[in-house]
Amino acid sequence: MDFYRFLASRTDRMKASEVRELVKYSRRKDIISFGGGLPDPASLPSKEEIVSAIEFISSLGDRAFQYSPTSGVPELKTELAKFCRDKLDIKASEDEIIVVTGSQQALDISSRILINQRDYIITELPTYIAAVQAFNLMRPNYLGVPMDQDGMKLECLERSLRMLRENGLKPKFLYTIPTCQNPAGISMSMDRRKHLLELASKYDFIILEDDPYSQIIFKQFYFKRLKSIDSEGRVIYMSTFSKIYAPGVRIGWVVADKSIINFYELAKQFIDLCSSSINQYIILHALQSNLIEKRIPLIVQRYKKKCELMYGLLKEMMPEDSVWTNPVGGMFIFGWLNEKINTKKLLIDVIEKYGVAYVPGASFFVDGTGWNTMRLNFSFPDEEQIKVGIERLSKAVKEEAKKV
Ligand SMILES: Cc1ncc(COP(=O)(O)O)c(C=O)c1O
């Protein structure tokens, strides 16, 4: 049967993410995958922690198996307010917080409650592909702002803002991952953070601050989260336990002005009623017993080693005209190859002939550029795989460079 005729027209914007497609390679033994964004398996909860979480859940009686309030299990929200204050320097009361089913749900809800068709949305170039997929359903226009090693180039942003203003337009929001960006591994400098907030005030837009990686910092880097220096309430902050506990629990949270949080709650009511109560209690237990606090330094230590290893090998083995970001934290290194190399075309060959996978960078660029770029994940592969994988990848890139 031709099922396509029954589909809503907005499905034309639904495309499979190349990143999700590549996750399957992370399970194939013969392929070294730098493709997905998976945490190091050794950083996931240990057997003892799992047993302790199950004991905690069973001590709660039926509570963990019931529906919970849409905005989140109250004890978890209290713990989150504390976590935000103590660990993130973000002051928020319980009614300025909503628990969500991974920060991906926060992106989806943001899209539903903020975007009208043809609204202008500003993103970094490159930016997180699954955010763009969530926004795409509402059919916005994008303005991409290039980055350098200090984050978004704000002179380019201001040029775009002026251009919009001259045409009687305003952006709806600016989406940024200011710390250890996915995919670029770049972090915004403190001066730019302050300046960005000034621009938001001057040109009247709000900022979505997506912050999954800022606790995984392994180099000296001074920063404050945009939300913590936001004096006008323009920042909607979202984060997640995916990278500091386990992505499988699918628990994240949003901090914003109470009036905005109310709309996140209204939208969430008809999306999933509430996030998994059991999983919220698992996170509550992990926070209350300091498991997350204890785990973060171990993650930082492991990722630092892996990142330094990968970056060193890239500098040593890749062609001299390639450029690689040198992140202060997070899970990704991003690279620009010779402009004649198309990393999307190259990928199949690299997987089949060399047994290594990466994410071609073009899909992270909302302006259709980035054909010569790639994202490499260093958290999931082990050190031996990083050594062998980068050696294979550099051979493949050098071979390709001879052909173009
Ligand atoms: C920038 C960014 N935002 C959001 C997410 C989604 O995270 P979650 O697992 O909480 O849905 C990710 C996951 O990789 C991410 O990198």
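## Helices α4 and α8

In this predicted model, helix α4 covers residues 102-114 and helix α8 covers residues 258-271. The two pack at an angle of about 110 degrees, and their axes are 10 Å apart. Angles from 65 to 115 degrees count as roughly perpendicular, so α4 and α8 are roughly perpendicular to each other.

On the α4 side, the contact is made by Gln105, Ala106, Asp108, Ile109, Ser110, Arg112, Ile113 and Leu114. On the α8 side, Phe263, Tyr264, Ala267, Lys268, Phe270 and Ile271 take part. Sorted by class, the contact of α4 with α8 has nine nonpolar, two polar and three charged residues.

## Helices α10 and α12

Two packed helices are described by the angle between their axes and the distance between the axes. Helix α10 (residues 291-317) packs with α12 at an angle of about 25 degrees, and the axes are 10 Å apart. An angle under 35 degrees counts as roughly parallel, so α10 is roughly parallel to α12. The crossing of α10 past α12 is right-handed.

Which residues of α10 and α12 meet? From α10 come Lys305, Lys306, Leu309, Met310, Leu313, Leu314 and Met317. Their partners in α12 are Glu383, Ile386, Lys387, Ile390, Glu391, Ser394 and Lys398. The contact of α10 with α12 contains seven nonpolar residues, one polar residue and six charged residues.

## Helices α11 and α12

Helix α12 (residues 383-403) also packs with helix α11 (residues 343-354). Here the angle is about 130 degrees, with the axes 10 Å apart. That angle makes α11 oblique to α12. The crossing of α11 past α12 is right-handed.

In α11, the residues that meet α12 are Leu346, Asp349, Val350 and Tyr354. In α12, they are Arg392, Leu393, Lys395, Ala396, Val397, Glu399, Glu400 and Lys403. The contact of α11 with α12 divides into six nonpolar and six charged residues, with no polar ones.

## Around the ligand

How many residues are around the ligand, and which come nearest? There are 13 residues around the ligand, and Ser103, Asp210, Tyr213, Thr240 and Ser242 come nearest.

For serine 103, a backbone N or O atom is 2.7 Å from a ligand oxygen atom. For asparagine 182, a polar side-chain atom lies 2.8 Å from an oxygen atom of the ligand. For tyrosine 213, a polar side-chain atom lies 2.6 Å from an oxygen atom of the ligand.

## Backbone exceptions

Most residues other than glycine have a negative phi, and most peptide bonds are trans. Asparagine 182 is joined to proline 183 by a cis peptide bond, with omega about 15 degrees. Proline 183 is in the loop between β6 (171-176) and α7 (190-203). The peptide bond from leucine 125 to proline 126 is also cis, and its omega is near 0 degrees. Proline 126 is in the loop between β3 (120-125) and α5 (129-136).

Where does aspartate 89 lie? Aspartate 89 is in the loop between α3 (74-88) and β2 (97-100). The phi of aspartate 89 is near 60 degrees, a positive value in a residue other than glycine.

Note on methods
Residues are numbered from 1 along each chain as its sequence is written. This is a predicted model: local features need pLDDT of at least 70, side-chain atom pairs count only at pLDDT 80 or more; totals for chains, interfaces and linings use all residues. Side-chain values use heavy atoms; hydrogens and water are left out. Axes are lines fitted to C-alpha atoms, for helices over the stretch in contact, and angles run from 0 to 180 degrees between N-to-C directions. Helices (H or I, at least four residues) and strands (E, at least two) are DSSP runs, numbered from the N terminus. Angles under 35 degrees count as roughly parallel, over 145 as roughly antiparallel, 65 to 115 as roughly perpendicular and the rest as oblique. A crossing is left-handed if the near helix is turned anticlockwise from the far one by less than a right angle, and right-handed if clockwise. Contact means heavy atoms within 4.5 Å. Ala, Val, Leu, Ile, Met, Phe, Trp, Tyr, Cys and Pro count as nonpolar, Asp, Glu, Lys and Arg as charged, and the others, Gly among them, as polar. A residue is near a molecule or strand if one of its heavy atoms lies within 4 Å of it. A polar contact is a pair of N or O atoms within 3.5 Å; within protein, one must be able to donate a hydrogen and the other to accept it, and residues adjacent in sequence count only if both atoms are side-chain atoms.
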